[in-house]
Amino acid sequence: MDRDDPSYKGQAGYTRFMLAIYDPWVMGFMAPVVWKSPAPPIVVRYRRNLRRRHLDVGPGTGYLIEKSEPAEGTEITLLDPNPNVLARSSRRLAALHPVTVEADVMKPLPLPGRFDSAALSFVLHCLRGPQEHKAVAIRNIAAVLEPDGVLFGSTVLGMEAPHSRAARGALRAFNRHGDFDNLGDTADGLREILEGSFETVDVEEAGSIAHFTATGSR
Ligand SMILES: C[S@@+](CC[C@H](N)C(=O)[O-])C[C@H]1O[C@@H](n2cnc3c(N)ncnc32)[C@H](O)[C@@H]1O
């Protein structure tokens, strides 16, 4: 991705080294200790929403997909602008024969078919704000979902959420560095951008995180 691209900063941190330590660092420490939202319930949500033709936008290491143990015959597409992410997640999920697509969710998605489910897990806080601008990503995903398809995921909320002191410190540091751009993101704002593209929206707050599902793409 071009360094001048507005999406560059949100994906640049996923170096091979970062991906090697991602699971213990993010799923083992940041999620349960700092964001107060442990990984096992996130895996349960992922498994519940995962359908036959599935798109994962921003798969990271592929941790959530693997732990969700997709049923035999599930067709997985992994979409990310970062080639390190696609290499690592597709290697991990090789038994599922995933299709990989190097693309930015903020641009129309170069995907041929339609999907029954799409995950956007811990990606929205990496996208450039303000939060209304992130509606572009939601619209782009809605455009490749079947009308009865489901979009689901989680995101770290901005400063208005009831964060611990450690979470506030982490948020400020990640925003200063550019990995996150979410200081103004709220659960209400998330609901609004989802409702712009979907008929039925559910947003649930847990610690520093909002979990969401959306169905009925408009
Ligand atoms: C915090 S990781 C989340 C990984 C995984 N989904 C999880 O929940 O553990 C953020 C992921 O979003 C990807 N990402 C960042 N900006 C993106 C963009 N503009 N389009 C698509 N993916 C993006 C990153 O490359 C990375 O794979």
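Okay, let me start with the second largest pocket: its lining is 12 nonpolar, 2 polar and 1 charged residues. Keep in mind that this is a predicted model. The volume of that pocket comes out at about 310 Å³. Fifteen residues line the second largest pocket, and nearest its centre you'll find Y14, M18, V26, F174 and F180. Helix α2 gives the largest share of that lining, with 6 residues.

Now, where does the ligand go? Into the largest pocket. That one holds about 480 Å³ of space. There are 35 lining residues, with G10, G58, D80, V123 and C126 closest to the centre. Two or more residues each come from α1, α2, β1 (53-57), α4 (63-67) and β2 (75-80), and α4 has the largest share with 3 residues. By class, the lining of the largest pocket splits into 20 nonpolar, 9 polar and 6 charged.

On to the ligand itself. The shell around it has 21 residues, and Y22, G58, D80, D104 and S121 come nearest. In that shell we've got 13 nonpolar, 6 polar and 2 charged residues. Both α1 (8-12) and α2 (16-34) put at least two residues into the shell.

With G60, a backbone N or O atom sits 3.2 Å from an oxygen of the ligand. And how much of the ligand does the protein bury? Alone, the ligand exposes 600 Å², and 97% of that is buried by the protein.

Definitions and conventions. Residues numbered from 1 in each chain as written. Predicted model: local features only at pLDDT ≥ 70, side-chain atom pairs only at ≥ 80, totals over all residues. Heavy atoms only, no water. Near = heavy atom within 4 Å. Polar contact = N/O pair within 3.5 Å; in protein donor to acceptor, adjacent residues only side chain to side chain. Areas by Shrake-Rupley, 256 points an atom, 1.4 Å probe, with all protein chains shown as cover. 1 Å grid on protein atoms, 1.4 Å probe; cavity = no way out; pocket = protein on both sides within 12 Å on 5 of 7 lines; lining within 4 Å. Sits in = over half its atoms within 2 Å of the grid points. Helix = DSSP H or I, 4+ residues; strand = E, 2+ residues; numbered from the N terminus. Nonpolar A, V, L, I, M, F, W, Y, C, P; charged D, E, K, R; others polar. Points joined across faces, edges and corners; volume = space filled by probe spheres on them.
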